[in-house]
Amino acid sequence: MSLAVRPAVPPDCPRLVGLVRELATYEQAADRVLLTEESLAATLFAPDPKVFVHVAELDGDVVGMALWFLTFSTWRACHGIWLEDLIVTTPARGRGAGRALLAHLAGVAEAAGYARVEWSVLDWNDPAIGFYRHLGAEPMDEWTNYRLSGAALAALAAEAGPLQEPVAG
């Protein structure tokens, strides 16, 4: 068995979209996936990307991915990594791909002097929670995630009026 982690390349996009759809199905939200190969490629391989993906290959086949971006801690005055999605296809679980992807991100964080790697997990996903705890990750029980989207996002944005500064992105 040969396991390797590497940055994603454009030809990986069909497989990455498939992995995202597999995760969405597992999370009982397949109907909410709007991602396409084209939109993913445009985001990941833009001239100045803001999102990054590493893939895990098992015997040359992409079996997992870690999609991440930078965060910033004002208290620590340094960046961190937000792991948006860690996905390992069901048949490859238990073979080291998830651990290898997280180890790679930990290496990226350490090499760059970042303070931490963080992510969310659904509270009912016991296998993932057990895996993360086994690695030494700690839950942030005192924090609650909030999300502003859809009509509420548009309504609040309308209060700001036209933006005068360039939009990051």
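User: In which strand does His54 lie?

Analyst: Helices (H or I, at least four residues) and strands (E, at least two) are DSSP runs, numbered from the N terminus. His54 belongs to strand β2. This is a predicted model, in which local features need pLDDT of at least 70, side-chain atom pairs count only at pLDDT 80 or more, and totals for chains, interfaces and linings use all residues. Residues are numbered from 1 along each chain as its sequence is written, and side-chain values use heavy atoms, with hydrogens and water left out.

User: Is His54 buried or exposed?

Analyst: Buried means under 20% relative accessible area, exposed over 50%, and partly exposed in between (1.4 Å probe, protein chains only). His54 has a relative accessible area of 9%, so the residue counts as buried.

User: With which side chain does the side chain of His54 make a polar contact?

Analyst: A polar contact is a pair of N or O atoms within 3.5 Å; within protein, one must be able to donate a hydrogen and the other to accept it, and residues adjacent in sequence count only if both atoms are side-chain atoms. Here the partner is the side chain of Trp68, at 3.2 Å. For contact in general, the criterion is heavy atoms within 4.5 Å. Not counting residues up to four places away in sequence, His54 touches several residues, among them Val5, Met65, Leu101 and His104.

User: What is the order of the strands in the sheet?

Analyst: Two strands pair if DSSP finds at least two bridges between them. The open sheet has five strands in the order β1-β2-β3-β4-β5, with mixed pairing. β1 (3–7) and β5 (117–118) stand at the edges with a single partner strand each, so one side of each has no neighbour in the sheet. β4 (residues 78–88) pairs with β5 in the parallel sense over two bridges, and Trp82 has Glu118 in β5 as its bridge partner.

User: How many aromatic pairs does the structure hold?

Analyst: A pair of aromatic rings is described by the distance of the centres and the angle of the planes. Rings of Phe, Tyr and Trp (its six-membered ring) pair if their centres lie within 6.5 Å; planes under 30 degrees apart count as stacked, over 60 as edge-to-face and the rest as tilted. The structure holds four such pairs. One of them, Phe131 with Tyr132, is tilted, at 5.6 Å centre to centre and 50° between the planes. Phe131 is partly exposed at 27% relative accessibility, whereas Tyr132 is buried at 10%.
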